[in-house]
Amino acid sequence: MIMEFPEPQDSWWRPNLKSKDFDVVGDAYDDTSYRRLEKEWEKDITPGPYLLWVKSLSESGWLHLRPLADFMFVGATPQRWKDIDPGKGPEQDKATTSGDEMQRRIDERRRRFRKTRVCVLDYSAIEVRPKPLETAEALTECLNDGVADNVDFRLFVVEDLSRENIEALGQKYEIDPDFFRAHIMDYAWYNVRDRWRNPPLLDIESRHQNWVQLRYVTARYFDNTENDNKRENVMFKDAAEEAASFNILRRLDDDLSNKSYWDKEGAIVGTTRSRATFWLQPSSPQRRTRVGILLLDPTLTKGFPLWRGRRTLWSTPKYGEAPPKGPPLQHDNLFEHFVFWAQQTHLFPNCRSEHVSKVHVPMQVLLHFIASEWLTMSDYIKARLSQLDWEIVKPQFFGRGKKGVNDMLEKLHMWRRLVPLYREMITETIRHIDQFSGRMQEPVQHCEDADEQHKHTHMLISHYKVDLVNVKSQLEEYQNRIDQITSVVTAVISIDNSRRGLQDNRNIGRLTWLATLFIPLSLVAGVLSMQDDVSSISGYTFKVYFGTAVPLSIVVAIVAVTLSLRSSTRDLQRLKKAVSSLLGPTAR
């Protein structure tokens, strides 16, 4: 018998993300159900050479590549299959699936197959030529055309991933499937039945791979001004649905810290765990142009970057100088910003362009963005913990009250879960930077300025490690601070509960006094009522009753008060010891 538990009422808890329906996504230990799903995914699909190769590897011992093959067959992560399966309609109306709904699902799956947003950056000695590609045919044509002789480095910047992109790039450059496999999913942890767990590489193995993955967290602010219902943030809900439209698996989370004194009612700050994966073609004397591929996460169109995003990469102009033209401020798309800044080769490093290592430029831009995101996230955690500090000290002033103190534990438990995860992510990023910077050839360590005859050191990618290490140390400090604040909040709740317990004890004491006062009254009344004819009770009887009961009640109350005093208790203990000593051992 399977027990059904009610869904908890929690603003963070989203039941549709539980991924418990293993009949739809497959079970790690049930090959029968997986083969059934595999047949549905592969129906009416003509796989390309690269997909067939990945599929054969997944059946020959490289089991961790199976999710990549499934991704290419489905058109997205298998978790999205229930939304694009052309054989089934909406969850609420499977029996009456209309032809329009089936066609919509077929078109949606085809769109995911062919989704392409790529920009090719060709680095030569004097310029960088961008070439945007919006279709799978344009990408294939670009790959077949070859590279001009004056191009030193070619970079493919890819937003999101699709089956056609993986097939074209993977087949052309014989790319390690682990490169694509590492980018398609992002999970904080795995259930024991999840078949998409990616076994980590040992350090000795990862040192030889020619790709690197950098993990980071983005935060976006979702206002609620246009919504009449202040308790439901429509913009945040739309952004979560937009994230579900990505082929890769990313999700938007509410950190539950959006109800402080300073926050607008209904506004939400959502966080997303993101990845950027960079592949670099091994160098070869027979190959003049080196190729790189950068996979970026799509940017949500809803909401705003927290605190309006990172600062510009330009140095502040001197007084009187015209500011250089940068990307539009109203757009915060990561893909567009990266393409723009990756063309500003004179910024990395600050010396003549012919001496710049072209391979380093996109990696330096990427690290600049990622380090900025981590610094922003660090400031955000600091802000939330500082707000909690103030609310603990003065809960009434900030409108929290006693109930608000209990609600603080919910926020703290969320950060207790997230901060260690963020530490793990940034530690992994730092380790990958160390490994990859050692594998990248650095042909020029210094460059000479023709005018000043001074030598300047290159901005190596390892220079960004300092900021990441600082963020890691800050996260460690925040984790200790969270533990301390949790102890304080728990102590405040315990003190409040103790005060309530004392008040309850006082109330019980008052009831006890009242019951004690009525004991002699009840006793005398019981004695006097032991007769058959109640009407025969005379006035003398009432006089005897009150004359006996009232003095007796007063005596009982005096005795009870006397016994409750500490001094009387000590006197009784002394008397007991004295009597015990007089009676001798027999009294014991």
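Visitor: What are the ground rules?
Guide: This is a predicted model: local features need pLDDT of at least 70, side-chain atom pairs count only at pLDDT 80 or more, and totals for chains, interfaces and linings use all residues. Residues are numbered from 1 along each chain as its sequence is written, and side-chain values use heavy atoms, without hydrogens and water.

Visitor: Which residues of helix α11 are called buried?
Guide: Buried means under 20% relative accessible area (1.4 Å probe, protein chains only). In α11 (residues 234-244), F236, A239, A240, E242 and A243 are buried.

Visitor: Why do the buried residues of α11 line one face?
Guide: Down the axis, they fall within an arc of 160 degrees, so they line one face of the helix. The arc uses directions from the helix axis to the C-beta atoms. Their cover includes β4 (211-222), β5 (252-254) and β6 (268-280).

Visitor: What makes a nonpolar core, and which residues touch the most other members of the largest?
Guide: A nonpolar core joins buried Ala, Val, Leu, Ile, Met, Phe, Trp, Tyr and Cys through side-chain atoms within 4.5 Å. Among the 69 residues of the largest core, F338, W374 and Y422 touch the most other members. Helix α13 (residues 360-393) gives the largest share, 15 residues.

Definitions and conventions:
Buried < 20%, exposed > 50% of the residue type's maximum accessible area, 1.4 Å probe, protein only. Helix = DSSP H or I, 4+ residues; strand = E, 2+ residues; numbered from the N terminus. Contact = heavy atoms within 4.5 Å.
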